Amino acid sequence: MSRNRLAIVILAAGKGTRMKSALPKVMHEIAGKPMLRHVIDTCGRLDPDRMVVVAGPDMPGVEKAAAPHALAHQMEQRGTGHAVGCAQDALGGRRFDAVLVVYGDTPLITAETLSRMVAERQRTDAAVVVLGMRVAPPNAYGRLVLDAGGDLDAIVEAAEASPEILALDLCNSGVMVIDGAVLFDLVGRVEDGNSKGEFYLTDIVGIARGDGRRARVVEAPVDELVGVNSRADLAAAEAILQQRLRAAAMADGATLVDPASVFLAADTVFGRDVVIGPHVVFGPGVTVGDRVQIKSFSHIEGARIGAGAVIGPFARLRPGTELAEDVHIGNFVELKNAQLGRGAKANHLTYLGDATVGSGTNIGAGTITVNYDGFGKYRTEIGARAFIGSHSSLVAPITIGDGAMTAAGSVVTQNVEADAIAIGRARQIDKPGRAAAFRAAQSVKHKK
Ligand code: UD1
Ligand code: MG
């Protein structure tokens, strides 16, 4: 049998009743990414040989979020020990030096902490290494009971604990690394004769000790081990993660003028010397080039922003936005699936959807791409160095050539060739003296 270093089992079968949601708990997002994906991505940094997600029945989206990793099903929630047992087949009968068990609802754990646990198991050849955290009682966590030598003696669930044990502040985070050679033997010997009638994974510590094996504790800050059981916990986890992301962005050379009011996604990428004003929100899938300025109250998702671009204030960049270097996007401009060439400008009150804009083109205030007729979406292609007059409606599908202009207020329904001017509006008619005559007639009528 080939030997593999590390397998990871992610427990995610719990119902998450307290979320009061149609969505499985682990699919709720923090920093724009499902909790389960945070855990999978963090675990991936340990480069395991195999990863298995244990999910409950009827958990839409979990299979896709787990991919390409294996999914095992636990049809009935009979406890954490039972859940780990459900992963056995998905581990494919292979032998692993170690199996790491993490929870899908504990999204802030770091790869560094997990690696420390794996190293501790290797160093001590312990049957089990448990991740502990210091939480002042009273709390509902399992307590870690140490022996005189500092090894872990047992994990006692709060529901089963004596007052002396409940007074301990060293608590079980739930994360464990187990010797792969004995894991399923230990799990198979767990019994359900406890107050919840569940198979507690935590019981494997006592069983392993009975076999003469060691168990160890590695500690981590409680900030990493926040478990999400309610919407309030979700918000607390979001706040901690936002702080981390902001700190990392600044450490990498971005200026956040008011960090507390900038919201980042887990995958936001900033270049050097980016300046982000107060109250800017990044959804998933945003890459920001060097020297970009993003001014206050902008909302950005699924966008690539080229170096030197200036965005906002009050800009909305939606998925499919691609901006080359030095593009300017101003206030109340919305872009969706729009690609703008180098130095293009759309500075005021504009919607560009399903559009290509060439380099150096100026999009006047109030320009609208009319991209949708209630059925289909159509593209607007604007060439380089064009000038779109203010308040133009560009009715797609339409092509406007390089260097072309549209007159202000035009409704443009036909392609405009390069260097032409399109005027698509009614001709102006002047009536000399008519305003004065109107006022005179009205003031007699209204006796003013
Ligand atoms: C567990 C630990 C406890 C620890 C706490 C930390 C046990 C017996 N207790 O308690 O010592 O302090 O976590 O948060 O392990 N799950 C399944 N299938 C099940 C039961 C649970 O997949 O049948 C999953 C849940 O989705 C969750 C995780 O396992 O991700 C923990 O389950 P939960 O019911 O929250 O355990 P606790 O009672 O909090
Ligand atoms: Mg819990």
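On a 1 Å grid over the protein atoms alone, a pocket is an open set of points where a 1.4 Å probe fits, with protein on both sides within 12 Å along at least five of seven lines. In this predicted model, the largest pocket is the space taken by ligand 1. Local features require pLDDT of at least 70 and side-chain atom pairs pLDDT 80 or more, whereas totals for chains, interfaces and linings use all residues; side-chain values use heavy atoms, without hydrogens and water. Residues are numbered from 1 along each chain as its sequence is written, with chains lettered from A and ligands numbered from 1 in the order in which they are written.

Polar contacts (pairs of N or O atoms within 3.5 Å) to oxygen atoms of ligand 1 include one from the side chain of Glu157 at 2.6 Å, one from the side chain of Tyr103 at 3.1 Å and one from the backbone of Leu11 at 3.2 Å. Ligand 1 on its own has 750 Å² of accessible area (Shrake-Rupley method, 1.4 Å probe), of which the protein covers 83%.

The shell around ligand 1 (residues with a heavy atom within 4 Å) comprises 20 residues, of which Gly14, Gln74, Thr80, Glu157 and Asn172 come nearest. By class, 7 are nonpolar, 9 polar and 4 charged, with Gly counted as polar. Two or more shell residues each come from β1 (3–12), α3 (80–85) and β10 (170–179), where helices are DSSP runs of H or I of at least four residues and strands runs of E of at least two.

Technical notes:
Polar contact = N/O pair within 3.5 Å; in protein donor to acceptor, adjacent residues only side chain to side chain. 1 Å grid on protein atoms, 1.4 Å probe; cavity = no way out; pocket = protein on both sides within 12 Å on 5 of 7 lines; lining within 4 Å. Sits in = over half its atoms within 2 Å of the grid points.
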